[in-house]
Amino acid sequence: MKSINATPDNLISVLQKAQEIFGYLSPQVQQYIADALNIPVSQVYGVVTFYNFFSMTPKGKVQIKVCLGTACYVKGADRVFERFLEELGVEPEKPTKDGQFSVHAVRCLGACSMAPVVLIGEKDFYGRLKPDMVPRIIAKYREVKS
């Protein structure tokens, strides 16, 4: 913790680093951070639950974010979302058994002109998707794992 200047003023930075390391912020990690920073665990929990970029549950290594905002929904994003869940055999927000994938509904990815849109990871956008395109997209990311 010392290498990232662990002080109560840097709680968000410490939480970001912990999430980067562990993938999510379990109650045990939150308690450890609270103890290390000498602050109440309730303060850590408050920050974790306030900001949507923190997660208290495991996510897949490859996070698939399907926009279900109005423009995407009208163009069939709900069917694309369901196809990802079906192909991967998962429930929303839950990782696959191997921990490789998780599928998340989001409200807007800011690419309405390409609706329906999916973001995989932090930078791979796919637009104008149809449900039958989903297996090929998944296959591309399965190959990366091997």
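**Terms and model.** Buried means under 20% relative accessible area, exposed means over 50%, and partly exposed lies in between, with a 1.4 Å probe and protein chains only. Helices (H or I, at least four residues) and strands (E, at least two) are DSSP runs, numbered from the N terminus. The model is predicted, so that local features need pLDDT of at least 70 and side-chain atom pairs count only at pLDDT 80 or more, while totals for chains, interfaces and linings use all residues. Residues are numbered from 1 along each chain as its sequence is written, and side-chain values use heavy atoms, with hydrogens and water left out.

**Figure 1. The protein chain has six helices and four strands.** Along the sequence, these elements follow the pattern α-α-α-β-α-α-β-β-β-α. The C-alpha trace spans about 50 × 35 × 25 Å along its principal axes. The protein chain has 146 residues, and buried residues make up 39% of them.

**Figure 2. Helix H3 (residues 41-50) has buried residues Val44, Val47 and Val48.** These three residues cover an arc of only 100° around the axis, which puts them on the same side of H3. The arc is that of the directions from the helix axis to the C-beta atoms. The face of H3 turned away from this buried side carries Ser42 and Phe50, which are exposed.

**Figure 3. Helix H2 (residues 27-37) has buried residues Val29, Gln30, Ile33, Ala34 and Leu37.** Seen down the axis of H2, the buried residues fall within an arc of 135°, so they line one face of the helix. On the other side of H2, the exposed residues are Pro27, Gln28, Tyr32 and Asp35. An α-helix has 3.6 residues a turn, so residues three or four places apart point the same way.

Figure 4. A salt bridge is a side-chain nitrogen of Lys or Arg within 4 Å of a carboxyl oxygen of Asp or Glu. By this rule the count comes to three salt bridges. Side chains of opposite charge can pair when their charged atoms come close. Glu20 counts as exposed because its relative accessibility is 60%, whereas Lys17, at 33%, counts as partly exposed. Arg83 is partly exposed, with a relative accessible area of 23%, and Glu87 is partly exposed at 32%.

**Figure 5. A salt bridge joins Lys65 to Glu122.** The closest N and O atoms of the pair are 3.9 Å apart. The pair links distant parts of the chain, 57 residues apart: Lys65 is in strand S1 (residues 62-67), and Glu122 is in the loop between strand S3 (118-120) and S4. Lys65 counts as buried because its relative accessibility is 17%, whereas Glu122 is exposed, with a relative accessible area of 69%.

**Figure 6. Lys75, Arg79, Arg128 and Lys130 form a positive surface patch.** Patches are made of residues with over 30% relative accessible area and no salt bridge; like charges are joined within 9 Å, and nonpolar side chains (Val, Leu, Ile, Met, Phe, Trp, Tyr) within 5 Å. Lys and Arg count as positive and Asp and Glu as negative, while His and the chain ends are not counted. Arg128 is in the loop between strand S4 (124-126) and helix H6 (134-145). Arg128 counts as exposed because its relative accessibility is 53%. Pro131 is also placed in the loop between S4 and H6. The C-alpha atoms of Pro131 and Phe84 are separated by 8.1 Å, although these residues are 47 residues apart along the chain.

**Figure 7. Loop residues include Asn38, Glu93 and Pro116.** Most residues other than glycine have a negative phi, and most peptide bonds are trans. Asn38, in the loop between H2 and H3, has a positive phi near 60°. Asn38 is exposed, with a relative accessible area of 70%. Glu93, in the loop between H5 and S2, has a positive phi near 75°. Glu93 counts as partly exposed at 38% relative accessibility. The peptide bond from Ala115 to Pro116 is cis, with omega near -10°. Pro116 is in the loop between strand S2 (101-106) and S3.

Terms used:
Areas by Shrake-Rupley, 256 points an atom, 1.4 Å probe, with all protein chains shown as cover. Charge placed at Lys NZ, Arg CZ, Asp CG, Glu CD.
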